[in-house]
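Dear colleague,

Please find below the structure for your review.

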Amino acid sequence: MSSKDGMTTKEEAPSTRVVIGGVSTGQTSICNYNPLETIIPVQDGDFNLSSGDLEHLRSLDEALEGDQVEPAAKPLIQRVPSMLGENKDFKKYFKPRVIAIGPLHHDDPSLQAAEKLKLKLAAHFIKKHDVEKEILYNKIKMEIANLKKRYDPKELGRYCEDNEKLTWMFFLDGCAVLQAIYLRYAPDIHVEEDTPNELNIKNDLLTFLYLDLFLLENQLPYRVLELLTNSSNRGKMFKESIKMFIDDNVMTPAEMKKEQQRWEEEQKHGKLQQQQQGKHQKQQKQHQEQEPAHLLDCLRERLLVTKEEKRNPFQSCGCHRLFRYMVSYNQKRMRSHHSHTFRNVKELREAGIWLRPSETSCLTDISFNRICFVGKLRLPPITVDDSTGPKFMNLIAYEMCPDFENNFTVTSYICFLDSLIDEAEDVKDLRDAGILHNGLGSDEEVAKLFNKMNTDLVPSPSIYSEVKMQIQNHCRNMWITYAAQAYHTHFRSPWTFLAFVGAIAALFLSALQTYYTIHPK
(Lines give C-alpha, C1' and ligand atoms only; values in the text may rest on other atoms or scores of the structure.)
Protein backbone atom coordinates (compact mmCIF):
# COMPACT_ATOMS: atom_id res chain seq x y z
CA MET A 1 0.00 0.00 0.00
CA SER A 2 1.11 3.55 -0.53
CA SER A 3 2.00 5.60 2.52
CA LYS A 4 0.56 9.01 3.29
CA ASP A 5 3.43 10.74 1.51
CA GLY A 6 2.81 8.82 -1.68
CA MET A 7 5.72 6.40 -1.15
CA THR A 8 5.30 2.64 -1.34
CA THR A 9 6.23 0.61 1.73
CA LYS A 10 8.95 -2.03 1.50
CA GLU A 11 6.64 -4.82 2.71
CA GLU A 12 4.20 -4.65 -0.17
CA ALA A 13 1.93 -7.73 -0.26
CA PRO A 14 2.07 -10.05 -3.29
CA SER A 15 -0.65 -9.07 -5.76
CA THR A 16 -2.80 -10.47 -8.51
CA ARG A 17 -2.84 -8.17 -11.53
CA VAL A 18 -5.97 -8.48 -13.68
CA VAL A 19 -5.77 -7.97 -17.43
CA ILE A 20 -9.04 -7.04 -19.18
CA GLY A 21 -9.36 -8.10 -22.78
CA GLY A 22 -5.64 -8.88 -22.92
CA VAL A 23 -4.61 -5.28 -21.97
CA SER A 24 -3.28 -4.44 -18.55
CA THR A 25 -5.38 -2.00 -16.53
CA GLY A 26 -2.33 -0.62 -14.79
CA GLN A 27 -4.06 -1.12 -11.49
CA THR A 28 -2.55 -3.36 -8.82
CA SER A 29 -4.77 -5.08 -6.29
CA ILE A 30 -3.52 -6.67 -3.12
CA CYS A 31 -3.87 -10.41 -2.45
CA ASN A 32 -2.47 -11.71 0.84
CA TYR A 33 -2.71 -15.40 -0.09
CA ASN A 34 -0.80 -15.82 -3.36
CA PRO A 35 3.00 -15.76 -2.98
CA LEU A 36 3.46 -15.12 -6.69
CA GLU A 37 1.92 -12.59 -9.05
CA THR A 38 -0.87 -14.13 -11.14
CA ILE A 39 -2.12 -12.49 -14.32
CA ILE A 40 -5.61 -13.59 -15.38
CA PRO A 41 -7.13 -12.36 -18.66
CA VAL A 42 -10.86 -11.67 -18.36
CA GLN A 43 -13.35 -9.95 -20.58
CA ASP A 44 -15.24 -7.81 -18.11
CA GLY A 45 -14.69 -6.44 -14.65
CA ASP A 46 -11.77 -6.05 -12.27
CA PHE A 47 -11.46 -8.53 -9.36
CA ASN A 48 -8.95 -10.36 -7.19
CA LEU A 49 -8.31 -14.14 -7.30
CA SER A 50 -6.27 -15.81 -4.58
CA SER A 51 -4.53 -19.17 -4.86
CA GLY A 52 -7.42 -20.69 -2.89
CA ASP A 53 -9.91 -19.30 -5.41
CA LEU A 54 -7.91 -20.75 -8.27
CA GLU A 55 -7.76 -24.13 -6.51
CA HIS A 56 -11.55 -24.19 -6.16
CA LEU A 57 -12.00 -23.32 -9.84
CA ARG A 58 -9.53 -26.03 -10.89
CA SER A 59 -11.61 -28.58 -8.93
CA LEU A 60 -14.38 -28.09 -11.52
CA ASP A 61 -12.04 -29.28 -14.28
CA GLU A 62 -10.92 -32.21 -12.14
CA ALA A 63 -14.55 -33.18 -11.55
CA LEU A 64 -15.11 -33.39 -15.30
CA GLU A 65 -12.01 -35.54 -15.74
CA GLY A 66 -13.05 -37.86 -12.91
CA ASP A 67 -16.51 -38.22 -14.40
CA GLN A 68 -15.13 -39.96 -17.49
CA VAL A 69 -15.52 -43.56 -16.29
CA GLU A 70 -14.50 -46.49 -18.47
CA PRO A 71 -17.70 -47.79 -20.13
CA ALA A 72 -16.82 -51.45 -19.63
CA ALA A 73 -16.01 -51.04 -15.93
CA LYS A 74 -18.24 -52.99 -13.55
CA PRO A 75 -19.91 -51.20 -10.63
CA LEU A 76 -18.00 -51.52 -7.38
CA ILE A 77 -19.27 -53.50 -4.41
CA GLN A 78 -20.17 -50.78 -1.93
CA ARG A 79 -22.51 -49.66 0.80
CA VAL A 80 -26.19 -48.99 0.22
CA PRO A 81 -26.78 -45.34 -0.80
CA SER A 82 -27.58 -43.26 2.28
CA MET A 83 -30.99 -42.28 0.92
CA LEU A 84 -32.13 -45.88 1.42
CA GLY A 85 -29.71 -47.08 4.09
CA GLU A 86 -30.70 -44.40 6.59
CA ASN A 87 -34.42 -45.10 6.21
CA LYS A 88 -35.54 -46.87 9.39
CA ASP A 89 -38.13 -48.92 7.47
CA PHE A 90 -35.48 -50.37 5.15
CA LYS A 91 -32.44 -50.87 7.42
CA LYS A 92 -33.35 -54.47 8.20
CA TYR A 93 -33.42 -55.26 4.46
CA PHE A 94 -29.73 -54.47 3.99
CA LYS A 95 -28.10 -56.18 6.99
CA PRO A 96 -27.15 -59.90 6.88
CA ARG A 97 -29.03 -62.15 9.30
CA VAL A 98 -26.88 -65.28 9.27
CA ILE A 99 -23.64 -64.99 7.32
CA ALA A 100 -21.15 -62.30 6.31
CA ILE A 101 -19.82 -62.57 2.76
CA GLY A 102 -16.90 -60.34 1.82
CA PRO A 103 -15.20 -57.63 3.90
CA LEU A 104 -18.01 -55.12 4.47
CA HIS A 105 -19.68 -57.07 7.33
CA HIS A 106 -16.83 -59.43 8.16
CA ASP A 107 -16.14 -57.83 11.57
CA ASP A 108 -19.78 -57.76 12.68
CA PRO A 109 -19.84 -59.49 16.12
CA SER A 110 -23.38 -60.79 15.58
CA LEU A 111 -22.24 -62.80 12.53
CA GLN A 112 -19.12 -64.42 13.97
CA ALA A 113 -20.98 -67.63 14.80
CA ALA A 114 -21.34 -68.30 11.07
CA GLU A 115 -17.56 -68.59 10.60
CA LYS A 116 -17.67 -72.24 11.71
CA LEU A 117 -20.54 -72.84 9.30
CA LYS A 118 -18.47 -71.38 6.46
CA LEU A 119 -15.52 -73.62 7.34
CA LYS A 120 -17.76 -76.70 7.26
CA LEU A 121 -19.30 -75.75 3.93
CA ALA A 122 -15.92 -74.91 2.40
CA ALA A 123 -14.46 -78.24 3.55
CA HIS A 124 -17.28 -80.17 1.85
CA PHE A 125 -16.82 -78.07 -1.30
CA ILE A 126 -13.14 -79.01 -1.50
CA LYS A 127 -14.06 -82.66 -0.98
CA LYS A 128 -16.75 -82.53 -3.64
CA HIS A 129 -14.61 -80.60 -6.13
CA ASP A 130 -11.85 -83.23 -6.12
CA VAL A 131 -9.10 -80.59 -6.53
CA GLU A 132 -6.23 -79.80 -4.20
CA LYS A 133 -7.14 -76.93 -1.90
CA GLU A 134 -3.68 -75.41 -2.38
CA ILE A 135 -4.35 -75.04 -6.11
CA LEU A 136 -7.68 -73.30 -5.56
CA TYR A 137 -6.24 -71.01 -2.91
CA ASN A 138 -3.33 -70.03 -5.15
CA LYS A 139 -5.76 -69.07 -7.94
CA ILE A 140 -7.38 -66.53 -5.64
CA LYS A 141 -3.99 -65.33 -4.41
CA MET A 142 -2.73 -64.72 -7.95
CA GLU A 143 -5.68 -62.43 -8.75
CA ILE A 144 -6.08 -60.70 -5.41
CA ALA A 145 -4.95 -57.35 -6.86
CA ASN A 146 -7.73 -57.39 -9.46
CA LEU A 147 -10.31 -58.69 -6.98
CA LYS A 148 -9.58 -55.80 -4.63
CA LYS A 149 -10.45 -53.39 -7.44
CA ARG A 150 -14.04 -54.72 -7.43
CA TYR A 151 -14.65 -52.97 -4.08
CA ASP A 152 -14.86 -49.35 -3.10
CA PRO A 153 -11.39 -48.72 -1.57
CA LYS A 154 -12.95 -46.78 1.32
CA GLU A 155 -15.01 -49.84 2.29
CA LEU A 156 -12.09 -52.30 2.46
CA GLY A 157 -10.76 -50.62 5.58
CA ARG A 158 -7.93 -52.50 7.29
CA TYR A 159 -8.07 -55.25 4.67
CA CYS A 160 -6.92 -52.89 1.91
CA GLU A 161 -3.23 -53.57 2.63
CA ASP A 162 -3.60 -57.08 4.08
CA ASN A 163 -3.64 -59.32 1.01
CA GLU A 164 -3.21 -62.50 3.02
CA LYS A 165 -6.38 -62.02 5.09
CA LEU A 166 -8.32 -60.83 2.07
CA THR A 167 -7.22 -63.84 0.00
CA TRP A 168 -8.31 -66.25 2.74
CA MET A 169 -11.61 -64.40 3.11
CA PHE A 170 -12.40 -64.63 -0.62
CA PHE A 171 -11.35 -68.29 -0.75
CA LEU A 172 -13.38 -69.33 2.30
CA ASP A 173 -16.47 -67.29 1.44
CA GLY A 174 -16.45 -68.39 -2.21
CA CYS A 175 -16.23 -72.09 -1.35
CA ALA A 176 -18.96 -71.73 1.30
CA VAL A 177 -21.32 -69.92 -1.08
CA LEU A 178 -20.91 -72.50 -3.84
CA GLN A 179 -21.45 -75.44 -1.49
CA ALA A 180 -24.46 -73.82 0.23
CA ILE A 181 -26.17 -73.29 -3.14
CA TYR A 182 -25.27 -76.82 -4.26
CA LEU A 183 -26.92 -78.37 -1.18
CA ARG A 184 -30.42 -77.47 -2.32
CA TYR A 185 -29.94 -76.89 -6.04
CA ALA A 186 -27.77 -79.80 -7.13
CA PRO A 187 -28.44 -80.38 -10.87
CA ASP A 188 -28.19 -84.16 -10.38
CA ILE A 189 -31.49 -85.18 -8.76
CA HIS A 190 -29.99 -88.52 -7.69
CA VAL A 191 -27.37 -86.90 -5.45
CA GLU A 192 -28.16 -87.90 -1.89
CA GLU A 193 -24.85 -87.20 -0.12
CA ASP A 194 -24.03 -83.95 1.66
CA THR A 195 -27.66 -83.12 2.32
CA PRO A 196 -28.37 -80.26 4.76
CA ASN A 197 -29.37 -82.79 7.45
CA GLU A 198 -26.07 -84.69 7.15
CA LEU A 199 -24.20 -81.40 7.53
CA ASN A 200 -26.38 -80.53 10.56
CA ILE A 201 -27.67 -77.40 8.82
CA LYS A 202 -31.29 -76.65 9.57
CA ASN A 203 -33.55 -75.79 6.67
CA ASP A 204 -34.59 -72.41 8.12
CA LEU A 205 -30.94 -71.43 8.60
CA LEU A 206 -30.20 -72.34 4.99
CA THR A 207 -33.19 -70.28 3.82
CA PHE A 208 -31.96 -67.15 5.63
CA LEU A 209 -28.45 -67.82 4.30
CA TYR A 210 -29.78 -67.77 0.73
CA LEU A 211 -31.47 -64.45 1.41
CA ASP A 212 -28.17 -63.00 2.67
CA LEU A 213 -26.57 -63.84 -0.68
CA PHE A 214 -28.70 -61.16 -2.40
CA LEU A 215 -27.75 -58.23 -0.14
CA LEU A 216 -25.81 -55.45 -1.86
CA GLU A 217 -23.33 -55.08 1.01
CA ASN A 218 -22.84 -58.86 1.22
CA GLN A 219 -21.59 -59.54 -2.29
CA LEU A 220 -18.53 -61.40 -3.50
CA PRO A 221 -17.00 -60.69 -6.93
CA TYR A 222 -18.36 -63.25 -9.38
CA ARG A 223 -14.80 -63.72 -10.58
CA VAL A 224 -14.07 -65.54 -7.29
CA LEU A 225 -16.79 -68.11 -8.07
CA GLU A 226 -15.42 -68.45 -11.60
CA LEU A 227 -11.90 -69.15 -10.35
CA LEU A 228 -13.17 -71.80 -7.93
CA THR A 229 -15.34 -73.63 -10.49
CA ASN A 230 -13.09 -73.53 -13.56
CA SER A 231 -10.62 -76.06 -12.20
CA SER A 232 -12.33 -79.33 -13.17
CA ASN A 233 -15.33 -80.84 -14.91
CA ARG A 234 -17.19 -80.92 -11.60
CA GLY A 235 -17.25 -77.12 -11.71
CA LYS A 236 -20.04 -77.30 -14.30
CA MET A 237 -22.35 -78.81 -11.67
CA PHE A 238 -21.80 -75.86 -9.35
CA LYS A 239 -22.40 -73.38 -12.19
CA GLU A 240 -25.63 -75.16 -13.07
CA SER A 241 -26.71 -75.05 -9.43
CA ILE A 242 -26.17 -71.26 -9.42
CA LYS A 243 -28.45 -70.97 -12.46
CA MET A 244 -31.12 -73.08 -10.75
CA PHE A 245 -30.75 -70.97 -7.60
CA ILE A 246 -31.32 -67.75 -9.52
CA ASP A 247 -34.27 -69.22 -11.46
CA ASP A 248 -35.92 -70.37 -8.25
CA ASN A 249 -35.83 -66.81 -6.92
CA VAL A 250 -37.48 -65.46 -10.07
CA MET A 251 -39.93 -68.01 -11.46
CA THR A 252 -43.39 -68.41 -9.96
CA PRO A 253 -44.84 -71.88 -9.17
CA ALA A 254 -47.06 -71.70 -12.26
CA GLU A 255 -44.13 -70.79 -14.50
CA MET A 256 -41.99 -73.57 -13.02
CA LYS A 257 -44.80 -76.05 -13.68
CA LYS A 258 -44.96 -74.95 -17.33
CA GLU A 259 -41.19 -75.26 -17.61
CA GLN A 260 -41.34 -78.78 -16.17
CA GLN A 261 -44.10 -79.79 -18.59
CA ARG A 262 -42.13 -78.38 -21.51
CA TRP A 263 -39.03 -80.26 -20.35
CA GLU A 264 -40.94 -83.57 -20.12
CA GLU A 265 -42.54 -83.06 -23.54
CA GLU A 266 -39.21 -82.29 -25.20
CA GLN A 267 -37.63 -85.28 -23.49
CA LYS A 268 -40.28 -87.56 -24.95
CA HIS A 269 -39.53 -86.31 -28.45
CA GLY A 270 -35.77 -86.67 -27.99
CA LYS A 271 -35.08 -82.98 -28.63
CA LEU A 272 -33.88 -82.05 -25.18
CA GLN A 273 -30.20 -82.93 -25.51
CA GLN A 274 -29.79 -81.10 -28.82
CA GLN A 275 -31.56 -77.98 -27.55
CA GLN A 276 -29.59 -77.98 -24.31
CA GLN A 277 -26.32 -78.16 -26.24
CA GLY A 278 -27.31 -75.22 -28.42
CA LYS A 279 -28.54 -73.28 -25.41
CA HIS A 280 -25.34 -74.07 -23.49
CA GLN A 281 -23.18 -72.83 -26.40
CA LYS A 282 -25.23 -69.65 -26.65
CA GLN A 283 -24.93 -69.06 -22.89
CA GLN A 284 -21.17 -69.63 -23.07
CA LYS A 285 -20.85 -67.05 -25.84
CA GLN A 286 -22.90 -64.51 -23.90
CA HIS A 287 -20.95 -65.28 -20.75
CA GLN A 288 -17.65 -64.68 -22.50
CA GLU A 289 -18.87 -61.31 -23.71
CA GLN A 290 -19.90 -60.06 -20.27
CA GLU A 291 -19.34 -61.58 -16.85
CA PRO A 292 -21.78 -60.55 -14.09
CA ALA A 293 -20.48 -58.44 -11.24
CA HIS A 294 -21.89 -60.65 -8.46
CA LEU A 295 -24.92 -62.78 -7.54
CA LEU A 296 -27.20 -59.77 -7.08
CA ASP A 297 -26.28 -58.68 -10.60
CA CYS A 298 -27.13 -62.21 -11.82
CA LEU A 299 -30.57 -61.91 -10.22
CA ARG A 300 -31.21 -58.55 -11.88
CA GLU A 301 -30.12 -59.81 -15.30
CA ARG A 302 -32.40 -62.85 -14.92
CA LEU A 303 -35.35 -60.61 -14.09
CA LEU A 304 -34.72 -58.64 -17.29
CA VAL A 305 -34.35 -61.62 -19.64
CA THR A 306 -36.77 -61.24 -22.55
CA LYS A 307 -38.38 -64.12 -24.35
CA GLU A 308 -37.82 -64.75 -28.03
CA GLU A 309 -40.67 -63.17 -29.93
CA LYS A 310 -42.71 -65.52 -32.02
CA ARG A 311 -43.08 -64.31 -35.58
CA ASN A 312 -46.67 -63.79 -36.60
CA PRO A 313 -47.30 -63.98 -40.38
CA PHE A 314 -49.68 -61.04 -40.08
CA GLN A 315 -46.86 -58.86 -38.71
CA SER A 316 -44.89 -59.11 -41.94
CA CYS A 317 -47.63 -57.78 -44.18
CA GLY A 318 -47.87 -54.17 -45.29
CA CYS A 319 -51.25 -53.61 -43.61
CA HIS A 320 -49.79 -54.38 -40.22
CA ARG A 321 -46.83 -52.03 -40.75
CA LEU A 322 -49.21 -49.27 -41.88
CA PHE A 323 -51.39 -49.87 -38.83
CA ARG A 324 -48.37 -49.73 -36.50
CA TYR A 325 -47.24 -46.47 -38.13
CA MET A 326 -50.67 -44.89 -37.65
CA VAL A 327 -50.79 -45.98 -34.00
CA SER A 328 -47.28 -44.67 -33.26
CA TYR A 329 -48.05 -41.36 -35.00
CA ASN A 330 -51.23 -40.94 -32.98
CA GLN A 331 -49.38 -41.76 -29.75
CA LYS A 332 -46.73 -39.11 -30.46
CA ARG A 333 -49.45 -36.58 -31.18
CA MET A 334 -51.38 -37.44 -28.04
CA ARG A 335 -48.29 -37.46 -25.79
CA SER A 336 -48.17 -33.67 -25.67
CA HIS A 337 -51.88 -33.32 -24.85
CA HIS A 338 -51.96 -35.04 -21.47
CA SER A 339 -49.80 -36.62 -18.82
CA HIS A 340 -50.22 -40.12 -17.44
CA THR A 341 -52.68 -39.98 -14.55
CA PHE A 342 -52.49 -43.62 -13.61
CA ARG A 343 -55.18 -45.69 -11.88
CA ASN A 344 -55.33 -48.63 -9.50
CA VAL A 345 -56.63 -52.09 -10.38
CA LYS A 346 -60.17 -51.35 -9.23
CA GLU A 347 -60.51 -48.33 -11.52
CA LEU A 348 -58.94 -50.19 -14.43
CA ARG A 349 -61.51 -52.98 -14.11
CA GLU A 350 -64.31 -50.44 -14.07
CA ALA A 351 -62.86 -48.96 -17.28
CA GLY A 352 -63.09 -52.36 -18.98
CA ILE A 353 -59.46 -53.42 -18.59
CA TRP A 354 -58.88 -57.09 -17.77
CA LEU A 355 -55.71 -58.35 -16.12
CA ARG A 356 -53.83 -61.35 -17.47
CA PRO A 357 -50.43 -62.90 -16.58
CA SER A 358 -47.59 -62.55 -19.06
CA GLU A 359 -45.82 -65.60 -20.43
CA THR A 360 -42.58 -64.86 -18.57
CA SER A 361 -41.40 -63.30 -15.31
CA CYS A 362 -39.39 -60.65 -17.17
CA LEU A 363 -40.13 -57.27 -15.58
CA THR A 364 -40.37 -55.63 -19.01
CA ASP A 365 -42.91 -58.19 -20.26
CA ILE A 366 -45.80 -55.76 -19.73
CA SER A 367 -48.18 -55.08 -22.59
CA PHE A 368 -51.63 -53.64 -23.30
CA ASN A 369 -54.00 -54.32 -26.18
CA ARG A 370 -57.64 -53.48 -26.83
CA ILE A 371 -60.44 -55.27 -28.64
CA CYS A 372 -63.55 -53.10 -29.05
CA PHE A 373 -64.20 -51.63 -25.61
CA VAL A 374 -62.30 -54.31 -23.67
CA GLY A 375 -58.62 -53.83 -22.88
CA LYS A 376 -56.14 -56.45 -21.67
CA LEU A 377 -53.20 -55.55 -19.46
CA ARG A 378 -50.61 -58.32 -19.20
CA LEU A 379 -48.23 -58.28 -16.22
CA PRO A 380 -45.37 -60.65 -15.32
CA PRO A 381 -46.36 -63.08 -12.53
CA ILE A 382 -44.69 -62.50 -9.18
CA THR A 383 -44.52 -64.41 -5.89
CA VAL A 384 -44.68 -62.18 -2.80
CA ASP A 385 -43.24 -63.62 0.41
CA ASP A 386 -40.82 -62.67 3.18
CA SER A 387 -37.93 -62.46 0.70
CA THR A 388 -39.64 -60.02 -1.67
CA GLY A 389 -38.87 -56.87 0.34
CA PRO A 390 -35.14 -57.56 0.88
CA LYS A 391 -34.53 -58.76 -2.69
CA PHE A 392 -36.24 -55.86 -4.45
CA MET A 393 -34.91 -53.19 -2.09
CA ASN A 394 -31.34 -54.42 -2.61
CA LEU A 395 -31.90 -54.47 -6.37
CA ILE A 396 -33.17 -50.89 -6.14
CA ALA A 397 -30.16 -49.91 -4.03
CA TYR A 398 -27.90 -51.53 -6.63
CA GLU A 399 -29.51 -49.47 -9.40
CA MET A 400 -28.99 -46.31 -7.32
CA CYS A 401 -25.22 -46.85 -6.99
CA PRO A 402 -23.51 -43.81 -8.59
CA ASP A 403 -21.11 -45.88 -10.70
CA PHE A 404 -23.77 -48.23 -12.12
CA GLU A 405 -25.18 -46.98 -15.43
CA ASN A 406 -28.61 -48.53 -15.94
CA ASN A 407 -32.17 -47.68 -16.91
CA PHE A 408 -33.72 -48.25 -13.44
CA THR A 409 -35.93 -51.09 -14.66
CA VAL A 410 -36.48 -52.69 -11.25
CA THR A 411 -37.19 -49.33 -9.64
CA SER A 412 -39.67 -48.47 -12.41
CA TYR A 413 -41.37 -51.87 -12.05
CA ILE A 414 -41.94 -51.38 -8.30
CA CYS A 415 -43.35 -47.89 -8.96
CA PHE A 416 -45.61 -49.27 -11.70
CA LEU A 417 -46.89 -52.08 -9.47
CA ASP A 418 -47.43 -49.69 -6.58
CA SER A 419 -49.55 -47.46 -8.84
CA LEU A 420 -51.82 -50.47 -9.40
CA ILE A 421 -52.04 -51.43 -5.73
CA ASP A 422 -53.73 -49.08 -3.29
CA GLU A 423 -55.58 -51.47 -1.02
CA ALA A 424 -56.20 -55.15 -0.28
CA GLU A 425 -58.94 -55.38 -2.91
CA ASP A 426 -56.39 -54.58 -5.64
CA VAL A 427 -54.15 -57.40 -4.41
CA LYS A 428 -57.11 -59.78 -4.47
CA ASP A 429 -57.85 -58.88 -8.10
CA LEU A 430 -54.21 -59.53 -9.03
CA ARG A 431 -54.37 -62.90 -7.25
CA ASP A 432 -57.58 -63.85 -9.03
CA ALA A 433 -55.97 -62.97 -12.35
CA GLY A 434 -53.03 -65.32 -11.64
CA ILE A 435 -50.51 -62.47 -11.59
CA LEU A 436 -49.66 -62.28 -7.89
CA HIS A 437 -49.03 -65.30 -5.66
CA ASN A 438 -49.39 -64.27 -2.03
CA GLY A 439 -47.06 -66.15 0.27
CA LEU A 440 -46.69 -63.26 2.72
CA GLY A 441 -49.99 -63.30 4.60
CA SER A 442 -53.04 -61.12 4.18
CA ASP A 443 -53.69 -59.04 1.06
CA GLU A 444 -53.45 -55.93 3.21
CA GLU A 445 -49.85 -56.80 4.18
CA VAL A 446 -48.94 -57.11 0.49
CA ALA A 447 -50.48 -53.72 -0.27
CA LYS A 448 -48.59 -52.10 2.61
CA LEU A 449 -45.32 -53.70 1.45
CA PHE A 450 -45.48 -52.23 -2.06
CA ASN A 451 -46.68 -48.86 -0.80
CA LYS A 452 -43.73 -48.77 1.61
CA MET A 453 -41.15 -49.88 -0.97
CA ASN A 454 -42.20 -47.07 -3.31
CA THR A 455 -41.18 -44.39 -0.80
CA ASP A 456 -38.91 -41.76 -2.40
CA LEU A 457 -38.36 -43.80 -5.58
CA VAL A 458 -38.03 -42.09 -8.96
CA PRO A 459 -38.89 -44.32 -11.96
CA SER A 460 -37.50 -44.00 -15.45
CA PRO A 461 -39.75 -41.78 -17.59
CA SER A 462 -39.27 -43.99 -20.66
CA ILE A 463 -39.90 -47.50 -19.28
CA TYR A 464 -43.57 -48.53 -19.48
CA SER A 465 -44.41 -45.10 -20.97
CA GLU A 466 -46.06 -46.65 -24.04
CA VAL A 467 -48.20 -48.98 -21.92
CA LYS A 468 -49.21 -46.14 -19.62
CA MET A 469 -50.18 -43.97 -22.59
CA GLN A 470 -52.27 -46.77 -24.12
CA ILE A 471 -54.12 -47.26 -20.84
CA GLN A 472 -54.65 -43.52 -20.51
CA ASN A 473 -56.04 -43.26 -24.05
CA HIS A 474 -58.35 -46.18 -23.38
CA CYS A 475 -59.69 -44.58 -20.19
CA ARG A 476 -60.09 -41.15 -21.81
CA ASN A 477 -62.41 -42.49 -24.53
CA MET A 478 -65.92 -41.60 -23.29
CA TRP A 479 -67.78 -44.23 -25.34
CA ILE A 480 -65.43 -47.00 -24.31
CA THR A 481 -65.78 -45.98 -20.67
CA TYR A 482 -69.59 -46.00 -20.82
CA ALA A 483 -69.66 -49.38 -22.56
CA ALA A 484 -67.18 -50.83 -20.08
CA GLN A 485 -69.10 -49.51 -17.09
CA ALA A 486 -72.32 -50.95 -18.47
CA TYR A 487 -70.63 -54.28 -19.05
CA HIS A 488 -69.05 -54.22 -15.60
CA THR A 489 -72.38 -53.38 -13.96
CA HIS A 490 -74.70 -55.72 -15.82
CA PHE A 491 -72.48 -58.63 -16.89
CA ARG A 492 -70.09 -59.11 -13.99
CA SER A 493 -71.57 -62.58 -13.29
CA PRO A 494 -73.19 -65.32 -15.44
CA TRP A 495 -76.53 -64.79 -13.68
CA THR A 496 -76.76 -61.12 -14.68
CA PHE A 497 -75.91 -62.11 -18.25
CA LEU A 498 -78.64 -64.80 -18.29
CA ALA A 499 -81.10 -62.29 -16.83
CA PHE A 500 -80.22 -59.85 -19.62
CA VAL A 501 -80.69 -62.52 -22.29
CA GLY A 502 -84.00 -63.49 -20.71
CA ALA A 503 -85.19 -59.88 -20.73
CA ILE A 504 -84.21 -59.46 -24.40
CA ALA A 505 -85.98 -62.71 -25.28
CA ALA A 506 -89.12 -61.60 -23.41
CA LEU A 507 -89.17 -58.26 -25.26
CA PHE A 508 -88.69 -60.01 -28.59
CA LEU A 509 -91.53 -62.48 -27.94
CA SER A 510 -93.79 -59.69 -26.70
CA ALA A 511 -93.11 -57.65 -29.85
CA LEU A 512 -93.71 -60.73 -31.99
CA GLN A 513 -97.01 -61.42 -30.24
CA THR A 514 -98.12 -57.80 -30.71
CA TYR A 515 -97.27 -57.93 -34.41
CA TYR A 516 -99.32 -61.05 -35.06
CA THR A 517 -102.16 -59.62 -33.02
CA ILE A 518 -102.28 -56.52 -35.25
CA HIS A 519 -101.60 -58.43 -38.48
CA PRO A 520 -103.36 -61.80 -38.17
CA LYS A 521 -103.04 -64.14 -41.15
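Glu155 is partly exposed, with a relative accessible area of 21%; the term covers values between buried (under 20%) and exposed (over 50%), computed with a 1.4 Å probe on protein chains only. Its salt-bridge partner is Arg79, with 3.0 Å between the closest N and O atoms; a salt bridge here is a side-chain nitrogen of Lys or Arg within 4 Å of a carboxyl oxygen of Asp or Glu. Arg79 is likewise partly exposed, at 32%. Together with Glu217, Arg79 and Glu155 are linked in a network of salt bridges.

Please note that this is a predicted model, in which local features need pLDDT of at least 70 and side-chain atom pairs count only at pLDDT 80 or more, while totals for chains, interfaces and linings use all residues. Residues are numbered from 1 along each chain as its sequence is written, and side-chain values use heavy atoms, with hydrogens and water left out.

The salt-bridge count comes to 17. Another of them joins Lys118 and Asp173 at 2.8 Å, N to O. Lys118 lies in helix α4 (residues 114–129) and Asp173 in helix α8 (residues 163–185), so this pair ties together parts that are 55 residues apart in sequence. Helices (H or I, at least four residues) and strands (E, at least two) are DSSP runs, numbered from the N terminus. Both Lys118 and Asp173 are buried.

A salt bridge is also formed by Arg302 and Asp247, at 2.7 Å from N to O. Arg302 belongs to helix α14 (residues 295–303) and Asp247 to helix α11, so parts 55 residues apart in sequence are tied together. Arg302 is buried at 18% relative accessibility, and Asp247 is buried at 14%.

Helix α11 (residues 235–248) also packs against helix α10 (residues 222–229), at an angle of about 145° and with the axes 8 Å apart. Axes are lines fitted to C-alpha atoms over the stretch in contact, and angles run from 0 to 180 degrees between N-to-C directions. Residues in the contact (heavy atoms within 4.5 Å) include Leu225 of α10 and Phe238 of α11. Of the eight residues of α10, seven are buried.

Asp456 is found in the loop between α20 (443–453) and α21 (465–476), and Tyr464 is placed in the loop between α20 and α21. Asp456 is exposed at 52% relative accessibility, whereas Tyr464 is buried at 8%.

Yours sincerely
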